[in-house]
Amino acid sequence: MNGPVNLSRRRFLRDTSLATGALVLGAAVPWRGVIAAGGDALEPNVLVAVGADGRVTMQFTWNELGQGAMTSLAMVVAEELCVATDAVDVEVPIWESKYGNNVTGGSSSMRESWLPLRRAAAAAREMLVTAGAARLGAAPADCRATEGAVVQAATGRRLAYGELVAEASQLPVPAEPALKDEAQYSIVGREAPRRDVPDKVTGRAVFGSDLARPGLLRAAFARCPWSGGEVGEVDDAPALAVPGVRRIVRLEDRVAVVAENTWSALRGRDALRVDWRGGDDPELDEAIFWQRLEERAEQPGFVTRDDGDVEAGLATAARVMRAEYRLPMVAHAVMEPSSCVVHAHDGVCDVEGPTQAPVWVARDVSRALGLPFANVRMKSTYAGSAFGRRLMTDYIVEGARVSREIGAPVQVVWSREDEMRHEFYRPASIHRQAAGLDADGRLIAWSHKIVTPSIVEQHYPGATRGGADEGALRGVADTQYRPENFRAAHVPVPGTVPLGWLRSVYDCQNALANECFLDELAAAAGRDPVEFRLDVLPADSRLRRVVTETAARSGWPRPSRSGRALGFACHACFGSFAAQVAEVSVDGGLLRVHRVVSVIDCGTAVNPNAVRAQMEGGVAMGLSIALRERITLDRGRIAQGNFDDYEPLRMHEMPVVETHILDSDGEMGGVGEPVMPPTAPAVCNAVFAATGLRIRELPIGEQLRS
């Protein structure tokens, strides 16, 4: 069985309990901390089980968002247990605190499961070998695990795992099981097809919007068009006149129309007449928004890294360069609008739907309904993309409140317009940089000041130092470059627009500013951009090797055809090191990206097939944001509403992406986020090579035509 098996926890225990002859492991496996009701619980997990039929079950405690983690983690278990990958069944359990703080984000699912899962599976293998050796009358050292069986080396006698689980389950769980030598790997590191894909391409996969059950009501919400507003007078008569509409539920900042079906709920919502009142900044428009950032940019900000003496370096430089870059707000623009099924009843709340953070769902729903943390039961479904949007729990909490009010299960349904106008956006930013070059064109001083709101401060007030957010300086304060004099500063900006974490978060913006400015400096110095970077990359930096490999594999600095130009960019984040070369042409103001050569050092690539998919997806999303994506404000409202005025990259615009995964024995890094940051600066630098025009503001949009 290859696909996910969505069994309840009760059924799992029934089918694989010790009483029925199964070996269940995990109690001794180190795992991440957990946010529990009291905020201080840390519980072990049951991760791996071997059944009496010899099949292996892995609890998939993360969320499959399209990144392929479900397949890659099963490969890790199969490798360590010495079974075929298709002998591992994957279960998506109802979330419990014992599964830990499994927030699927920050390219963490593989990185943070790698060792715990190996240990869990290795413990199972060790126990099975011990049990098998005893049955065979041999020493454990004289036996080995292979192909789902324990084999005595001298005689070749073998016992299948299923024959041994009863005896093995009586043994103590090894606290420090020996891990398989990576040199002996036969599964990890080899291409494997994703087990979630067949169901997705045949329509069998269940997403949040697919959920259905008898008697389920649907809820559509009217929300204040600007943040902080309240519900005033409500004329609900027109909505109640819509056939199928059952109830109108008024909350503080939104009104729910509950109906028998989605169509009636949405029509009822459209008929609703609501007088919105108040608001944090209802007159905010695009000009005022950017004026506020500009005013803040005059402040020195909070310096989080200050190497050498930047001012002295600039004063003695043969040439000083200054530049300002601007990046707008962008939306997650997930393909599947938010949806979930929620049922608050009998002192508990059952939730089913897509999320990146079941533990945050439990936290926020328990707070909203006044329930014990453990009384919120979250079951995850597939997500029609996420990119950070489903870290937010707003759509689930609103459903929980309505369900409690009406005493029935409801499915929350968002339209595309709801999603575009009421989500949590990547913040806008201004980047002011200054750098000094010596007489030989070498970088001797560099300062980078970032003016942007803090996402963390908005969601957790007081969590930063007066709003100074070190996270906003990721990729800057911790840059791999090492000029003698360097300074990074953050100027926080209070804001009322809801903000959230979007794929690669601040790294994407900061890499654009870093890498384009370095390209400007190289051009000013009359030097090759790659060589210019290598000057300030330490010899022991993993990024240095990625830079040289990318240049070599792309044919740098010569494009494949005349009339085209190359641009280079690199970045390190989320534990991985990535670089790209973009090959573009500009004809009559029309930009065409023909090819992107993308190289990564992510340590062990468990499933290169999944890594390549992430690399291609990262380029697509980075290019989409570079070319067209921009959220703007109009009288406090989000101006965009759908894909007609917030247009992502089209299929025909996708360039050829050449992916290269470097062999590496370095620490494992993420792959979902690190590839996206170099894309936009590589394209912008290629535009300069093609036209001489510097792109200092995204999206590129119509800048070439004007």
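Let's start with a charged pair: Arg118 and Glu80 meet through their side chains in a salt bridge, at 3.7 Å from N to O. Arg118 sits in helix H3 (residues 109-136) and Glu80 in helix H2 (residues 69-81), so this pair ties together parts that are 38 residues apart in sequence. The model here is a predicted one.

## Other salt bridges

A search of the whole structure turns up 52 salt bridges. As a bit of background, side chains of opposite charge can pair when their charged atoms come close.

Take Arg432 and Glu324, whose side chains form a salt bridge at 2.7 Å, N to O. This pair links distant parts of the chain, with Arg432 in strand E20 (residues 429-437) and Glu324 in strand E15 (residues 319-327), 108 residues apart. Arg432 counts as partly exposed at 25% relative accessibility, and Glu324 is also partly exposed, at 25%.

Then there's Glu697, which forms a salt bridge with Arg630; their closest N and O atoms are 3.5 Å apart. Here too the pair links distant parts of the chain, 67 residues apart: Glu697 is in the segment after helix H18 (679-691), while Arg630 is in the loop between helix H17 (608-627) and strand E26 (633-634). Glu697 is partly exposed at 31% relative accessibility, and Arg630 is partly exposed at 22%. Elsewhere, salt bridges with shared partners join Arg223, Asp253, Arg254, Arg269, Asp270, Glu398 and Asp418 into one network.

## Two buried threonines in loops

Now for a couple of loop residues. Thr104 is found in the loop between strand E5 (88-91) and H3, and its 5% relative accessibility makes it buried. What does Thr104 touch, once residues up to four places away in sequence are set aside? The list is Trp62, Asn63, Leu65, Gln67, Gln356 and Leu391. Thr104 and Pro358 are 254 residues apart along the chain, yet their C-alpha atoms are separated by 9.1 Å.

Thr393 lies in the loop between strand E18 (376-380) and helix H11 (394-406). At 9% relative accessibility, Thr393 is buried. Leaving out neighbours within four places in sequence, Thr393 is in contact with Trp360, Val361 and Asp364. Its side chain also makes a polar contact with the side chain of Asp364, at 2.6 Å.

## Helix H14, tucked inside

Helix H14 covers residues 505-525, and its 21 residues should span 30 Å at 1.5 Å a residue; the C-alpha atoms at its ends are 31 Å apart, which agrees. Of those 21 residues, 18 are buried, so H14 is largely enclosed by the rest of the structure. Just after H14 comes Gly526, which takes a positive phi of about 70°.

## Empty spaces

How do you find the gaps in a structure? Rolling a probe the size of a water molecule over the atoms shows where empty space is left. In this structure, the search finds three cavities of 30 Å³ or more. The largest cavity holds about 60 Å³ of space. Its lining is made by Gly475, Thr479, Gln480, Tyr481, Asn514, Glu515, Leu543, Cys570, His571 and Ala572. H14 and strand E23 (565-573) are the elements that give two or more residues to this lining. Which element gives the most to the lining of the largest cavity? That's E23, with three residues.

Notes. Residues are numbered from 1 along each chain as its sequence is written. This is a predicted model: local features need pLDDT of at least 70, side-chain atom pairs count only at pLDDT 80 or more; totals for chains, interfaces and linings use all residues. Side-chain values use heavy atoms; hydrogens and water are left out. A salt bridge is a side-chain nitrogen of Lys or Arg within 4 Å of a carboxyl oxygen of Asp or Glu. Helices (H or I, at least four residues) and strands (E, at least two) are DSSP runs, numbered from the N terminus. Buried means under 20% relative accessible area, exposed over 50%, partly exposed in between (1.4 Å probe, protein chains only). A polar contact is a pair of N or O atoms within 3.5 Å; within protein, one must be able to donate a hydrogen and the other to accept it, and residues adjacent in sequence count only if both atoms are side-chain atoms. Contact means heavy atoms within 4.5 Å. The expected span of a helix is 1.5 Å times one less than its number of residues. On a 1 Å grid over the protein atoms alone, a cavity is a set of points where a 1.4 Å probe fits but cannot get out, and a pocket is an open set with protein on both sides within 12 Å along at least five of seven lines; lining residues have an atom within 4 Å of a point. Grid points are joined across faces, edges and corners, and a volume is the space filled by probe spheres set on the points.
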